[in-house]
Amino acid sequence: MTHEFPASGERRVPLPAPRPTPQDPPAGAGAVGGPGRAGLSTATIPASSTPVPAPPVPTVGGSGSGRHAKGRAGRAGAGPAATTEPRPPTRDAFFDNAKYLAIVLVAMGHSWEPLRSGSRSAAALYIAVYAFHMPAFIIISGYFSRSFDMRRDRLQRLITGVAVPYVLFEVAYTFFKRWADHDPDYPITLLQPWYLTWFLVALFVWRLTTPLWKIVRWPLPLAMVIAVLASVSPEIGDDLNLQRVLQFLPFFVLGLNLRPEHFQLLRRKEVRLAALPVVAGALALAYWAAPRMNAAWFYHRDSAQELGAPWWSGVVMTLAMFGCSLVLVACFFAWVPGRRMWFTALGAGTLYGYLLHGFLAKGSRFWHWYDNPWLHTPWGQVLLTLAAGTLVTLLCTPPVQRIFRFAVEPKMTWAFKPDPVGTARGRG
């Protein structure tokens, strides 16, 4: 979000400041708020100490992943040459750390998927991670979408930061599958997102509906009703992956309604200590459930009937899994460091890691890498996990961002008409 500052005048003596009234905001308060990138986003992603972000877009992952910056007005000096300069934008280390750690868990989870049939431990880790890593991303995306409206610049960023990357990567993944999977007739379609691109479709829809969620009286209960109805409606079909869009919706709406103080509560020492036995219990429960439960419930892409379960189980599972996911997301946020770490800067590139690692994740299946028996040994699984984390870390680095910015964060100023308001203001 940009801040407009008054032009410097020619006054020799500065005018006295107006007397504050009870309705005035505190001195120095600025307008803040807006969506982070998918991610994944966008991260587009990012407490009392946590500033409310300015709109960008990943946040995967982000998008979002994004620039959640807070501009601050400089102090105006007296004299003919006095000017007011904004300070450089800052990012919140907590949310960048959360986005980076979440995208690492996403990559590790994808690496464990082919190991589940032969390893109960891998299946348990897979279930535990899938219960919260995407909900965490989506909550962050909702948190940084709080100031989204239909303003021109925000709509442009939604198009360039979400819609355009979806089209480009959907086409790229299709050609990759044709080549790597020896399937030359695999169709190009923008109606059925392939693999990871569903999140961009969902983020686009969620963010467009943000103004609606800001005016309803009970947004989260309404979103839960929609998710429950989707889970028992097989007629929805696969177009635009609407099952996921609707079943994950409550997490986005929850993020829209969170405030900095909520994240501060989770970072207290007693919450961190309480998170340890909760996570241990979740891992034990996942180990018990691994051979008994269909992991597809955690994908939220099918109705109960499509999973071979009675319709009422969709209601029960949607509510139960929402509660379990919230508890694990809270434990995850409790242990995310709030200070700058060596990986903090990588949080701005999580949408790159999210979209790019999918080529290797799918390629490893197409090229039958998992046919190697050594990968199914304990040491092989450990090294595979470390390799997945290292790979996605490299894909979030600035050199990779510079190479692929044309596809993930295109500017595309040529595609939009000039802003008539800005043009008139410039002439004035």
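Is Ser313 buried or exposed?

1. Ser313 is buried, at a relative accessible area of 8%. Here, buried means under 20% relative accessible area, exposed over 50%, and partly exposed in between, with a 1.4 Å probe and protein chains only. Ser313 belongs to helix α12. Leaving aside residues up to four places away in sequence, Ser313 touches Trp297 and Ala304, contact meaning heavy atoms within 4.5 Å.

2. On the basis of the note: this is a predicted model, in which local features need pLDDT of at least 70 and side-chain atom pairs count only at pLDDT 80 or more, while totals for chains, interfaces and linings use all residues. Residues are numbered from 1 along each chain as its sequence is written, and side-chain values use heavy atoms, with hydrogens and water left out. Helices (H or I, at least four residues) and strands (E, at least two) are DSSP runs, numbered from the N terminus.

3. Helix α12 (residues 311–335) packs with helix α7 (residues 219–231) at an angle of about 135 degrees, the axes being 8 Å apart. That makes α7 oblique to α12. Axes are lines fitted to C-alpha atoms, for helices over the stretch in contact, and angles run from 0 to 180 degrees between N-to-C directions; under 35 degrees counts as roughly parallel, over 145 as roughly antiparallel, 65 to 115 as roughly perpendicular and the rest as oblique. On the α7 side the contact involves Leu220, Met224, Ala227, Val228 and Ser231, which meet Gly314, Val315, Thr318, Leu319 and Phe322 in α12. By class, this contact has seven nonpolar, three polar and no charged residues. Ala, Val, Leu, Ile, Met, Phe, Trp, Tyr, Cys and Pro count as nonpolar, Asp, Glu, Lys and Arg as charged, and the others, Gly among them, as polar.

4. Helix α2 (residues 120–130) and helix α11 (residues 269–289) have axes that come within 8 Å and cross at roughly 120 degrees. α2 is therefore oblique to α11. From α2, the contact is made by Arg120, Ser121, Ala124, Leu125, Ile127 and Ala128; from α11, by Leu283, Ala286, Tyr287 and Trp288. Eight of the residues in this contact are nonpolar, one is polar and one is charged.

5. Aromatic pairs number 36. Rings of Phe, Tyr and Trp (its six-membered ring) pair if their centres lie within 6.5 Å; planes under 30 degrees apart count as stacked, over 60 as edge-to-face and the rest as tilted. Phe95 and Phe144 form an edge-to-face pair, 5.0 Å centre to centre with 85 degrees between the planes. This pair links distant parts of the chain, 49 residues apart: Phe95 in helix α1 (residues 93–112) and Phe144 in the loop between α3 (133–143) and α4 (152–180). Phe95 is buried at 0% relative accessibility, and Phe144 is buried at 0% as well.

6. Which residues form one aromatic cluster? Its members include Phe169, Tyr173, Trp194, Phe359 and Trp369.

7. Helix α3 is mostly covered, with 11 of its 11 residues buried. Among them are His133, Pro135, Ser141 and Tyr143.

8. Val164 is located in helix α4. At 18% relative accessibility, Val164 counts as buried. Val164 and Met412 are 248 residues apart in sequence and 9.7 Å apart in space, C-alpha to C-alpha. Not counting residues up to four places away in sequence, Val164 touches Ile159, Pro410 and Met412.
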